Amino acid sequence: MTDPATTPDLSDETRLIHSGNDPRAFHGFVNPPVVHASTVLFETPDSFLSNQAPYTYGRQGTPTSEALERAISGLEGAAGTKITPSGLAACTVACLSVLSAGDHILVVDTVYGPTRAFAEGFLKRFGVEVSYYDPALGEGIVDLFRPNTRALFLEAPGSLTFEMQDVPKIAALARARGLVTLIDYTWATPLFFKPIAHGIDLSIQAATKYISGHSDTMIGTVAAGPAVWPKLAATYRQLGLHTGPDDIFLAMRGLRTMAVRLARHQ
């Protein structure tokens with residue numbers, strides 16, 4: 001069966017309905033199972049050591065988490081996606097994937113309040129310099145780049161203020177200086193904007209909101225372009241992050257109706 005997540009020339013609405021499904025793998029059932037698991041058994045020690053098994057431990061992935069990751073990666077046009085326990089966790093793991101002590105990160109001044117608190121508290125405590133820029137600054141943002149600037153964190157539409165930035169232009173300016181770009185674009189969703197296609201490296205969603213859509217789960221996603229995907233995957237694993245299968249199931253269910261719901265929202 002062709003995976004809709006990676007099939008070209010499909011509409012987003014079609015991807016929403018079919019991505020992450022592989023009925024042949026689950027006796028014909030349309031939706032993937034909700035797998036509650038920690039331990040995975042192997043026939044022999046060699047089969048475990050071969051690194052060929054798709055799953056080795058529940059925290060490192062199950063058919064449930066893989067289904068949502070494939071679906072989001074397909075919508076985002078990403079090299080890979082990681083699922084987090086909240087939207088804030090998506091913002092924090094994205095930052096930690098690309099920052100080290102001594103680096104400087106430039107953050108939009110209208111960023112989500114808890115993300116700002118993370119930058120002011122955690123990042124500064126571990127030796128990362130943080131400064132902020134006006135979302136209306138445009139090309140003048142280059143004047144704020146420092147020799148140790150490593151990353152640029154955008155948010156568009158902005159939290160509460162809902163202003164937009166020229167994301168492709170800012171991403172191009174950052175890339176020319178070797179900076180990694182991150183964006184929280186929860187309010188746009190992958191239906192209305194695709195950051196990775198416009199030059200962004202790490203694309204963040206509080207899937208608690210429009211993706212899940214029913215105020216009954218907490219979940220976030222980080223989709224990565226090819227250059228930073230290995231760093232995101234490694235950081236996620238080293239931090240021991242994991243999202244429960246029931247929350248993932250609810251997000252997957254919400255994903256199926258997101259296009260219809262957003263049409264009504266407007």
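Tutor: Helices (H or I, at least four residues) and strands (E, at least two) are DSSP runs, numbered from the N terminus. This is a predicted model, where local features need pLDDT of at least 70, side-chain atom pairs count only at pLDDT 80 or more, and totals for chains, interfaces and linings use all residues. Residues are numbered from 1 along each chain as its sequence is written, and side-chain values use heavy atoms, leaving out hydrogens and water.

Student: How many helices and strands does the protein chain have?

Tutor: The protein chain has 10 helices and 7 strands. Let's take α5.

Student: Which residues of α5 are buried?

Tutor: Buried means under 20% relative accessible area, exposed over 50%, and partly exposed in between (1.4 Å probe, protein chains only). In α5, T115, F118, A119 and L123 are buried. As for the general idea, an α-helix has 3.6 residues a turn, so residues three or four places apart point the same way.

Student: And what covers the buried residues of α5?

Tutor: The cover includes α4 (87-98) along with the strands β2 (104-108), β3 (129-133) and β4 (149-155).

Student: How do I check the length of α5?

Tutor: The expected span is 1.5 Å times one less than the number of residues. For the 13 residues of α5 (residues 113-125) that gives 18 Å, and the end C-alpha atoms are 18 Å apart, which agrees. A bend at a residue is the angle between axes fitted to the seven residues ending there and the seven starting there; α5 bends by about 30 degrees at A119. Just after α5, G127 has a positive phi of about 85 degrees.

Student: How many aromatic pairs are there?

Tutor: Rings of Phe, Tyr and Trp (its six-membered ring) pair if their centres lie within 6.5 Å; planes under 30 degrees apart count as stacked, over 60 as edge-to-face and the rest as tilted. The structure holds 6 such pairs. One of them, F42 with F48, is edge-to-face, at 5.2 Å centre to centre and 70 degrees between the planes. F122 and F126 are stacked instead, at 4.8 Å and 25 degrees. F122 is partly exposed at 32%, and F126 is partly exposed at 47%. Ring pairs also link F118, F122 and F126 into a cluster.

Student: Where does the charged end of R116 sit?

Tutor: A charge sits over a ring if NZ of Lys or CZ of Arg is within 6 Å of the ring centre and within 35 degrees of the ring normal. Here R116 has its charged end over the ring of Y132, 3.9 Å from the centre.

Note on methods:
Contact = heavy atoms within 4.5 Å.
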